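Dear colleague,

Please find below the structure that I am handing over to you. My findings follow directly after it.

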Amino acid sequence: MAALTRLDRLSIAELKAEGIWAKHYISAIGLIPLLQKHGAALKGLEIGVCRGENIARFLEECPNIAHIDAVDPFMAYDDPNGGMDQAMMDMFHTLALKNFSAYLGRVTLHRMRSAEFAKTVPDNVYDYLFIDGDHSYEAVRDDIAAWFPKLKSGGLFCGHDVLVKDVQRAIVEFRQSHNITAPVQLCANSVWYWVK
Ligand SMILES: C[S@@+](CC[C@H](N)C(=O)[O-])C[C@H]1O[C@@H](n2cnc3c(N)ncnc32)[C@H](O)[C@@H]1O
C-alpha cells in the first residue's frame, strides 16, 4: 500500500497557504508550455485524477484550456506505483472536488472507470489527452486503444510513467499495430507524448 505524507492530505488552498504550491510536484508540468502554445479554447481529458493537482495546475497556467474532463472511479486499486485503499480514495475524491471548486465550469469530474466514460464520448473531440490511470499493461493498452480515436488530428496524445515497463509495452505495441511513425517525445517527470 502506498504511504501518504502530510502534504498528500492537503488541498491546493492549504498548500498555497503554506507557500508550497508553486514548488509542489506536478506530474505533467513539462506539458504546460506545449499546451499554452497549442491553440485557443482547448478541450482536454485526464484519465486518473487523484487529488486533481495536475488538472488544477493546467487550468491555472493555461487560460487557453476551456474545459477538461477528469475521469477517475476513486476505487481501491493495486498498481506498480503502489496500491490505494478505499479510505485513501475517498479522501482524494474529496480533495479533488475542493481543488476543482476554484475552476467551476472549466472541469467536470466523472466518477467512473475510463473505459465506461469512453463509451459516451464521440471521436475527434479532444485537443489533448493525458493517460495516468491504472498503470498495468492491460489497462494502459485498453486506455490507449479506447482514447486515441477521441483525439483530434494534430492533438497531443500524452501519458505518465513511461519508465514503467508495462506502460512502454502498451505504447510500443499500439504504435506498431497502427503504423504510427510520429516520434514519441519525453518531457519532465516521465511524461510521454506524440502528436497525432
Ligand atoms: C497516479 S494517480 C493520478 C494522478 C493525476 N493524474 C495527477 O497527476 O495529479 C492514478 C489515478 O488513476 C485512477 N484510476 C485507476 N484505475 C482507473 C480507471 N480504470 N479509470 C480512470 N482512473 C483510474 C486511480 O483512482 C488514481 O486516482
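In this predicted model, glutamate 46 stands opposite alanine 70 in strand 2. The chain passes from strand 1 through helix 3 (residues 53-61) to strand 2, and this β-α-β crossover is right-handed. Strand 1 (residues 42-47) and strand 2 run parallel and are joined by six bridges. A further pairing sets isoleucine 47 against valine 71, its bridge partner in strand 2.

How much of strand 2 is buried? Five of the seven residues of strand 2 (residues 65-71) are buried, so this strand is largely enclosed by the rest of the structure. On to the next pairing: strand 2 also runs parallel to strand 3 (residues 107-110), and four bridges join the two. There, valine 71 stands opposite histidine 110 of strand 3.

Strand 1 is mostly covered, with five of its six residues buried. For strand 4, the count of buried residues is six of six.

Strand 4 in turn is joined to strand 5 by five bridges, and the two run parallel. Tyrosine 128 stands opposite leucine 156 in strand 5. From strand 4 the chain crosses through helix 6 to strand 5, and this β-α-β crossover is right-handed.

I turn now to the surroundings of the ligand. Which residues come nearest to the ligand? Of the 20 residues around the ligand, those are Ser27, Gly48, Asn54, Ser114 and Gly133. Strand 1, helix 3 and helix 4 (86-100) each contribute at least two residues to this shell. Sorted by class, the shell holds nine nonpolar, five polar and six charged residues.

Two residues deserve a look for their backbone angles. Most residues other than glycine have a negative phi. Cysteine 50, although not a glycine, has a positive phi of about 55°. Cysteine 50 sits in the loop between strand 1 and helix 3. Is cysteine 50 buried or exposed? Cysteine 50 is buried, because 22 other C-beta atoms lie within 10 Å, and the threshold for burial is 20 or more.

Asparagine 124 belongs to the loop between helix 5 (114-118) and strand 4 (126-131). With 11 C-beta neighbours inside 10 Å, asparagine 124 counts as exposed, since the limit for that class is 12 or fewer.

Helix 7 (residues 165-177) has 13 residues and reaches 18 Å from its first C-alpha to its last, close to the 18 Å expected at 1.5 Å a residue. Its buried residues are Val167, Ala170 and Ile171. Seen down the axis of helix 7, these buried residues fall within an arc of 95°, so they line one face of the helix. An α-helix has 3.6 residues a turn, so residues three or four places apart point the same way. On the other side of helix 7, the exposed residues are Lys165, Val172, Gln176 and Ser177.

Finally, two loop residues give reference distances. Alanine 41 is found in the loop between helix 2 (32-36) and strand 1. With 9 C-beta neighbours inside 10 Å, alanine 41 counts as exposed. Alanine 41 and arginine 111 are 70 residues apart in sequence, and their C-alpha atoms are 24 Å apart in space.

Phenylalanine 148 lies in the loop between helix 6 (137-147) and strand 5 (151-159). Phenylalanine 148 counts as partly exposed, with 18 C-beta neighbours inside 10 Å. The C-alpha atoms of phenylalanine 148 and isoleucine 180 are separated by 12 Å, the two residues being 32 residues apart along the chain.

With kind regards

Methods
Residues are numbered from 1 along each chain as its sequence is written. This is a predicted model: local features need pLDDT of at least 70, side-chain atom pairs count only at pLDDT 80 or more; totals for chains, interfaces and linings use all residues. Two strands pair if DSSP finds at least two bridges between them. A crossover is right-handed if, with the strands pointing away from the viewer, the path from the first strand over the helix to the second runs clockwise. A residue is near a molecule or strand if its C-beta atom, placed from the backbone, lies within 6 Å of it. Ala, Val, Leu, Ile, Met, Phe, Trp, Tyr, Cys and Pro count as nonpolar, Asp, Glu, Lys and Arg as charged, and the others, Gly among them, as polar. The expected span of a helix is 1.5 Å times one less than its number of residues. The arc is that of the directions from the helix axis to the C-beta atoms.
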